[in-house]
Amino acid sequence: MGDALAQGTHTTTVYGIEQRFHVAGHGPVCVVHPGGPGLNWDYLRMPELERHLRLVYVEPIGTGGSGRLADPRDYHVSTYVSVLDAVVSTLSTDQVFLLGHGHGGLVAQRYGLDHPDRVAGLVLYATSPVTDEQFQQSLLAGLAAFPTRHPHRREQAAAAVRAFEQALTATDDEGFSRGVRAAWPAAVADYWAHEHRYAPLRAGTRGWVAPWRARRSAPFDVQRELGRLGAPTLVLAGAHDPFFGPRWAALLHEAVRDSGLLVFTDSGNLPHLEQPAAFTGAVADFVHLVGAA
């Protein structure tokens, strides 16, 4: 096992800029790509899963301590795929499992299609095979319905929806970060029932606006390509996710021949936080089952 898989923070250079990644845990190697785009990577930290897998958390370019692209318009899926491939190439292992959340799931799908020989298995977590206008309308409808699920917190829920709408048009990092923090309750099924647990995570959320603003520059749609995705795939979704709900998970499951689908009934967009035991069991079982095949 090479030094790049030692516990801790590592860097590689892509496009002349620094790309950070963080290694934790023990077991089969699984590269983790967070969502957003433009969010800090550590919201996706999964300590329970680290007991079963060696997780390589990518800190995407344009965020945190990783480098910045000279042209902000270049933060698109194909760029993230190239950078991800550079990270995988440093790991000195023939194949990796790949877990992508949200926008990271788009990157994972494209990577699985473009580099099938490098992927042992895919975990497509709270994501979609398409981000077209219908998807955008579904997202807005899901957010609009959020306050109705919390009649005793209607004003606070409505404020979270407004904050997300403001984040959509943010023009600087601080404004984007404020919007994402204020919108955080909409990401989970019941923020207020578990506020003592979620509040520190919410307070630590940071965002970088350049990757976020570039997200719609190149529409994403791989529905017709997914039939040739050869890696075993696990599709995960939260029943109450207003962003990437079960509808989009079902599309993935239908398109990928060798796939399983699990919907977490008590979760929103973040089942690894909301139902950590069930999430950990599902991913660990999948990886070990694929490895034993």
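User: In this predicted model, is Phe 279 buried or exposed?

Analyst: In this predicted model, Phe 279 belongs to helix H10, which covers residues 276-292. Its relative accessible area comes to 1%, and a residue counts as buried when that value is under 20%. Phe 279 is therefore buried.

User: How many Å apart in space are Phe 279 and Asp 172, C-alpha to C-alpha?

Analyst: Along the sequence, Phe 279 and Asp 172 are 107 residues apart. In space, taken from C-alpha to C-alpha, the separation of Phe 279 and Asp 172 is 34 Å.

User: Why can the chain be called as compact as a globular protein of its length?

Analyst: The chain has ten helices and eight strands, and its C-alpha atoms fill a box of roughly 50 × 40 × 40 Å along the principal axes. For 293 residues the globule rule gives 19 Å, and the chain is as compact as a globular protein of that length because its radius of gyration is close to that figure, at 18 Å.

User: What percentage of the residues in the chain is buried?

Analyst: The count is taken over the 293 residues of the chain, with buried meaning under 20% relative accessible area. On that basis, the share of buried residues is 55%.

User: Which helix gives the most to the lining of the largest pocket?

Analyst: The largest pocket has a volume of about 940 Å³, and 42 residues line this pocket, with Gly 36, Pro 37, Phe 164, Trp 212 and Phe 244 lying nearest its centre. Helix H2 (103-114), helix H3 (133-145), helix H4 (154-168) and helix H5 (173-183) each supply at least two residues of that lining. The most comes from one of these helices, with five residues, and that helix is H3.

User: How many charged residues are in the lining of the largest pocket?

Analyst: Divided by class, the lining of the largest pocket holds 26 nonpolar and twelve polar residues.

User: What is the omega of the peptide bond from Gly 36 to Pro 37?

Analyst: Gly 36 and Pro 37 are among the residues nearest the centre of the largest pocket, and Pro 37 lies in the loop between strand S3 (29-33) and strand S4 (54-59). The peptide bond from Gly 36 to Pro 37 is cis, and its omega is near -5 degrees.

User: What is the volume of the largest cavity?

Analyst: Across the whole structure, the search finds two cavities of 30 Å³ or more. The lining of the largest cavity includes Gly 35, Pro 37, Tyr 80 and His 103, and its residues divide into five nonpolar, five polar and no charged. The volume of this largest cavity is about 40 Å³.

User: Which helix gives the most to the lining of the second largest cavity?

Analyst: About 30 Å³ of space lies in the second largest cavity, which is lined by residues including Gln 19, His 33, Tyr 80 and Leu 84. Its lining divides into six nonpolar, two polar and no charged residues. The most comes from the helix of residues 77-89, with three residues, and that is helix H1.

User: Why is the pair of Tyr 191 and Trp 192 edge-to-face?

Analyst: The structure holds 14 aromatic pairs. For Tyr 191 and Trp 192, the ring centres are 5.8 Å apart and the planes stand at 85 degrees, while planes over 60 degrees apart count as edge-to-face.

User: Which residue lies over the face of Trp 212?

Analyst: Trp 212 is one of the residues nearest the centre of the largest pocket. Over the face of this Trp 212, at 4.0 Å from the ring centre, lies Arg 215.

User: What is the relative accessible area of Ala 126?

Analyst: Ala 126 is found in the loop between strand S6 (119-125) and H3, and its phi is near 50 degrees, a positive value in a residue other than glycine. Ala 126 is buried, and its relative accessible area is 0%.

User: What value is phi of Tyr 15 near?

Analyst: Tyr 15 has its place in the loop between strand S1 (8-14) and strand S2 (17-25). Although Tyr 15 is a residue other than glycine, its phi is positive, near 55 degrees.

Technical notes. Residues numbered from 1 in each chain as written. Predicted model: local features only at pLDDT ≥ 70, side-chain atom pairs only at ≥ 80, totals over all residues. Heavy atoms only, no water. 1 Å grid on protein atoms, 1.4 Å probe; cavity = no way out; pocket = protein on both sides within 12 Å on 5 of 7 lines; lining within 4 Å. Points joined across faces, edges and corners; volume = space filled by probe spheres on them. Nonpolar A, V, L, I, M, F, W, Y, C, P; charged D, E, K, R; others polar. Helix = DSSP H or I, 4+ residues; strand = E, 2+ residues; numbered from the N terminus. Phe/Tyr/Trp six-rings, centres within 6.5 Å; stacked < 30°, edge-to-face > 60°. Lys NZ or Arg CZ within 6 Å of the ring centre and 35° of its normal. Rg over C-alpha atoms; globule rule 2.2 N^0.38 Å. Buried < 20%, exposed > 50% of the residue type's maximum accessible area, 1.4 Å probe, protein only.
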